[in-house]
Amino acid sequence: MVRHMTSNSDSELWKSQPWKKLRKNLFRLQCRLWKAVRVGDRKRANNLQKLILKSRSARLLAIRQVTQLNKGKKTAGVDGKASLTFQERFDLDNLLKTQVNTWTHSKLREIPIPKKDGTMRILKVPTMKDRAWQCIIKYSIEPAHEAIFHERSYGFRPGRSTHDVQKYLFDNLRSKSNGKDKIILEMDIEKCFDRINHNHLMSQIIAPKGAKLGLWKCLKAGVNPEFPEQGTPQGGVCSPVLANIALHGIEAIHKSVRYADDMVFIFKKGDNQAQVFDEITEFLRVRGLNIKSAKTRFISATDGFNFLGWQFRVQKNGKFRCTPSEDNYLAFRKKVKAIVNNSNYGALVKSQKLSPIIRGWRNYHRYCKMDGSRFTLWFTRRRTWNVFNKESKLNRYQTDALIDKAFPAVPYSEHKHFMVKGDASPFNGNLVYWSKRQSKHYDGATAKALKKQDHSCGHCGLKFADDEDIHLHHVDRDHDNWKSQNLLAIHQSCHQYIHMSK
C-alpha cells in the first residue's frame, strides 16, 4: 500500500507507536526462547525464533535501535546514508516484513582504525538497512545462546561487564586463594574477528534456515579476499554475538575468565601448563584462529599483568591490588590535557567537556585502589584550577564551582562489586534482580532517582532490565534545577521522545 503522508504526520506516527507494548512483546518471546533452549527443546526454540523474525515488535525496535540509540548511528554505510527519515523507517519496516528470511546483504564500508601497536584494524560498516536486519537476527539468536554460554564469559553480553571480570580475578588471586603462588597465562588471539572459520561458526549457530542463509551472506559480504572462508565483519550489530558463539567453550578447558576475545588463564601449583596450552591451541585451530605469540606469556601473579585497562598484581604479602593500567591512565590524561590547554573556548565550556570524561573514567575504576595523588587526580585538578583561574574573570569561589563540576565526585569501594550470579541472564525474566544491577552503574543524582523510582523508568514505567542507557531528565526543562522532585531517571529512548514532543 502506498502511503502519502507529510513528514510531520510520519514523525507523529513514529512517536505514537506503543513502544512500551512492543518492548514487552519482544522480551516475552526472548524469555520463552531462552527457557526452551535451557531445557533442550530445540524444536520449540526454532519456532520461537521464527516468531521473533516475523514480529512487528522486533522490526520496529530494531529500526529504532540502529537509527536512534546505537552510538554509531550517524556513521554512513556504502550507500552514504547516515540517517533515515520517518517515512524511510516505515518503508524499511515493510521491506523487512517481506524479506527478513531472504535478505541479501549489501557491501560494507571499510574504515581503518589505528591500533596501539601501529597496525590498522578495519572497521566494516553496514548500511542502515543491513544494520536493522542484523539487529533482528541478534534479537532471535542472542537469547538462545545466552542459555548455553559459559558463566565465565563476560564480554558483549547483556547484564555483564568488565567489573565482573575484575571481581572474579580478585576472588581467585587474593590472599585467601593463595594468589601469590599462581601463574597467569596472558593470551591474545591473532586477528580474532578476521580469522573465524565460517563453516565452523555456522555449525554452532542456533537459528532457522532462513536466518542462517542471511548470516552466511552477511559473513561473505565482509570477507578479506585473501581469506574467503574466514572472518566476521567488525562494526556489525551482530558481530560481537557471533564472536562469542565462535569462542564458546574455551572457558571449560581450564580455570579462566574471558571478555570477548581477551582472556586470562589461572594456574596453581601442580597444573600441567603445557597440556592446557596445547588444548587451547587445538581449540582455536578448529575455529581458524591462532595464538599471537608476541602477546602471549606465562607470568607470576606477583609480577602483575594488564587486562581490560587495569593492572592486576599480587603483593609479596598476598594482598591483591588492582589499579588503572599505565596506558589507560596516560590515554585519559592526554584527553584531559587537550581540553584544559585548548584556547578556543573558556573555562565554562571546558568544565562541561571535562565532566563526562572524568566521571566515566572514575566510574570505570571505582572498584580499584584509587588513593594517592595520581589516581585521585590531585595534580590534574590543581593544574586545571590554575588554568581556569588565569583564563576566566571569575572570583575564587566561582572557579571552585567550575572545578567541582569538571571533576565530579565518584565514590570508590575497592573490590566491593557484586558479581553476576553464575550463568544467569536477563532473559530468565527476573526483572527486579537485573534492574537493580543495571542501576548500580550510576551514581549521584541518577542513583538517587533510580532508588526513589524503584529502578523503573519514570516515563514508561518499565524496569531497567536491558542495557539501554539511563538518562536523567529535568521535568521543567531547566538544567540548573537539580532538586530531587525535578529529576527523573528514564530510558534513553524515552528521553528522546519527551524532547521530540517539545
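I began with a definition: rings of Phe, Tyr and Trp (its six-membered ring) pair if their centres lie within 6.5 Å, and planes under 30 degrees apart count as stacked, over 60 as edge-to-face and the rest as tilted. By that rule I found 18 aromatic pairs in the structure.

I noted that the model is predicted, that local features need pLDDT of at least 70 and side-chain atom pairs pLDDT 80 or more, while totals for chains, interfaces and linings use all residues. Residues are numbered from 1 along each chain as its sequence is written, and side-chain values use heavy atoms, without hydrogens and water.

**Entry 1: aromatic rings**

I looked up W310 and Y364, which form a stacked pair, 4.7 Å centre to centre with 15 degrees between the planes. This pair links distant parts of the chain, since W310 is in strand 8 (residues 310-314) and Y364 is in helix 14, 54 residues apart. Helices (H or I, at least four residues) and strands (E, at least two) are DSSP runs, numbered from the N terminus.

I then checked burial, where buried means under 20% relative accessible area, exposed over 50% and partly exposed in between (1.4 Å probe, protein chains only). W310 is buried at 0%, whereas Y364 is partly exposed at 25%.

Next I examined Y433 and W434: their ring centres are 4.9 Å apart and their planes stand at 80 degrees, so the pair is edge-to-face. Y433 counts as buried at 17%, and W434 is buried at 3%.

I also recorded a cluster in which ring pairs link F170, F305, W310, F312, F320 and Y364.

**Entry 2: charges over rings**

A charge sits over a ring if NZ of Lys or CZ of Arg is within 6 Å of the ring centre and within 35 degrees of the ring normal. I found R89 over the face of W14, at 5.2 Å from the ring centre. R287 lies over the face of F283, at 3.6 Å from the ring centre.

**Entry 3: helix 13**

I compared the length of helix 13 (residues 326-340) with expectation: at 1.5 Å a residue its 15 residues should span 21 Å, and its end C-alpha atoms are 21 Å apart, which agrees. The expected span is 1.5 Å times one less than the number of residues.

I listed the buried residues of helix 13 as Y329, F332, V336, I339 and V340. Seen down the helix axis, they fall within an arc of 95 degrees, so they line one face of helix 13. The arc is taken from the directions from the helix axis to the C-beta atoms.
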